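Me: I am new to this structure. Please show it to me, and then let me ask about it.

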There are 2 protein chains.
Amino acid sequence: MARPADVRGLAERARRGEQLAVARLLSLVEDGAEAALREVAAALAAHSGRAHVVGVTGAPGVGKSTTTSAVVGALRARGRRVGVLAVDPSSPFSGGALLGDRVRMGEHATDEGVFIRSMATRGHLGGLAWSTPQALRVLDAAGCDVVLVETVGVGQSEIEVVGLADSTVVLLAPGMGDGVQAAKAGILEIADVFVVNKADRDGAGQTVRDLRQMLSFAERTGEDAWRPRVVRTVAARGEGVDDVVSALDAHREWLDRTGEGTRRRRARAEAEIRAIALEQLRNRIDDLRGTEAVPRLAERVLAGELDPYAAADELTTRLSAPGR
Amino acid sequence: MARPADVRGLAERARRGEQLAVARLLSLVEDGAEAALREVAAALAAHSGRAHVVGVTGAPGVGKSTTTSAVVGALRARGRRVGVLAVDPSSPFSGGALLGDRVRMGEHATDEGVFIRSMATRGHLGGLAWSTPQALRVLDAAGCDVVLVETVGVGQSEIEVVGLADSTVVLLAPGMGDGVQAAKAGILEIADVFVVNKADRDGAGQTVRDLRQMLSFAERTGEDAWRPRVVRTVAARGEGVDDVVSALDAHREWLDRTGEGTRRRRARAEAEIRAIALEQLRNRIDDLRGTEAVPRLAERVLAGELDPYAAADELTTRLSAPGR
């Protein structure tokens, strides 16, 4: 574990693009200790905000890792520095990291212009909420032009990650009933770019048509509104991948031109500040556990003397009291 | 929407077992408005804590609703009053309520000794966290001897609901790879009773053996430790359902005898008080949004002058300040 003094040194070296320093900062951040998160955030505050953060999401089996890897290649061919965060919320009911997927990223493993990290939580989804924004800061400060945040398609994590991204790519594949899924899941609202992968398979045309039709229903009004792009790819053969990059570039240009990019970043910063503040308050409540305050209140609730809302009022009053 | 004065009246009538009053209180609670939750909790505080709360969980397709319905029948045959809360966290990526499943409960719809409610959230899992405990209070105060809380097997909701239950039933079915799933998901630790449903199918014996073997590895030590029961059922034909009830009765007897029941209820009350207190603090932070405090801090974060942790410190200081 790096001592406090080391974080600033690591941050300096990470900013020069040293892979080892970046990796160590990412490990610190992934461990999720608040002190480390604080230090990393403080050391990098003045040096981030440049990278284009792209969320990549979609159901299992659509080819997320293959597509991400192919997009990395296309970005590298254009001379961009690229970060990849694969966020895998090892939910107790969803299963763990898909090691096989990670292996496919191997082709970029020796490229100095690519930083790859697979983030997992230790059973608690909340952990990623703290680690991921700081991990993005690390890759941003390390000079990445683009950071791809790939999420396993389980539950609500996509939506959390969408909140972190400037642009969001939703992957679909033909014949998975994705059209209906998409509408249901509200991903029409979150996707800036749709990628229909495995476009050489039967039904790809239908998936694209379904998607276009649903998009036409959900058309955003206003002259400057972004109209989500639909791109077909066969990521395993690299087909269509340049079009994905072009669509992302167009979206970033739109973000810059309309001020929407700044608006999203501001909203994201607000959400992050509030989340951290709330976590600090949560910790203060946990600290009160040691003081018998909560157990005593719980006894009164069990005895039927107090309802839990009234008990919570007593607790928050105590928190704000000067002599707690 | 019931006015404040009505809640106490409804609570009175619900305690006499009036179906309509119970239904209206459940609707109030399901709407999730804090004022209503507070009132219901206050009106029922002195009148709950008697029911045996049983969580029923398992992957989709194992026959949860059929089993729940059959268990309701077996409990009614023993003269018990029964509540059923079907908790369906319409997660954006998991799909909505399974209406077909609900319909099977129809046979109990005209029974005055059974209260059935299907709870859904409007896209936000957190909503159920507030509604479910108060809904349990309503059914408890209405004189239910047993309340079955059935959850759709998606993501982390099971674990939340387990926290609300005195006893937890985990359903499995043969040939679904459930053995491995069980071990992975940590359900060995949460289940007090395992039900292998569809036990007339191929592989049922194997599923039971797998389960017993895994349980033997995870054996809890101590003379008074509860050893999870494994029950085979064919719920659609009512087979084995009495054994489920007997296993649950045995578990409740164990909870009472060892003091574990009180310990669990105390822990549950503590968790509830802390969660409500935290929600109140969250609301106070949200209130600060209107004051420009958070946007101003966010601007400084975007400008690189402040990191989000330092910004959060400023926010919580302001919360505790007397003149906020």
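Me: Which hand does the crossing of H2(A) past H3(A) have?
Reply: This is a predicted model, where local features need pLDDT of at least 70, side-chain atom pairs count only at pLDDT 80 or more, and totals for chains, interfaces and linings use all residues. Residues are numbered from 1 along each chain as its sequence is written, while chains are lettered from A and ligands numbered from 1 in the order written. Helices are DSSP runs of H or I, at least four residues, numbered from the N terminus. A crossing is left-handed if the near helix is turned anticlockwise from the far one by less than a right angle, right-handed if clockwise; H2(A) passes H3(A) in a crossing that is left-handed.

Me: Which residues of H3(A) make the contact?
Reply: Contact means C-beta atoms, placed from the backbone, within 7 Å. H2(A) brings A:Leu25, A:Leu28, A:Val29 and A:Asp31. From H3(A) come A:Ala36, A:Leu37 and A:Val40.

Me: Are H2(A) and H3(A) parallel or oblique to each other?
Reply: Helix H2 (residues 19–31) of chain A and helix H3 (residues 34–44) of chain A pack at about 135 degrees, axes 7 Å apart. Angles under 35 degrees are roughly parallel, over 145 roughly antiparallel, 65 to 115 roughly perpendicular, and the rest oblique. H2(A) and H3(A) are therefore oblique.

Terms used: Axes fitted to C-alpha atoms, helices over the stretch in contact; angles between N-to-C directions. Helix = DSSP H or I, 4+ residues; strand = E, 2+ residues; numbered from the N terminus. Contact = placed C-beta atoms within 7 Å.
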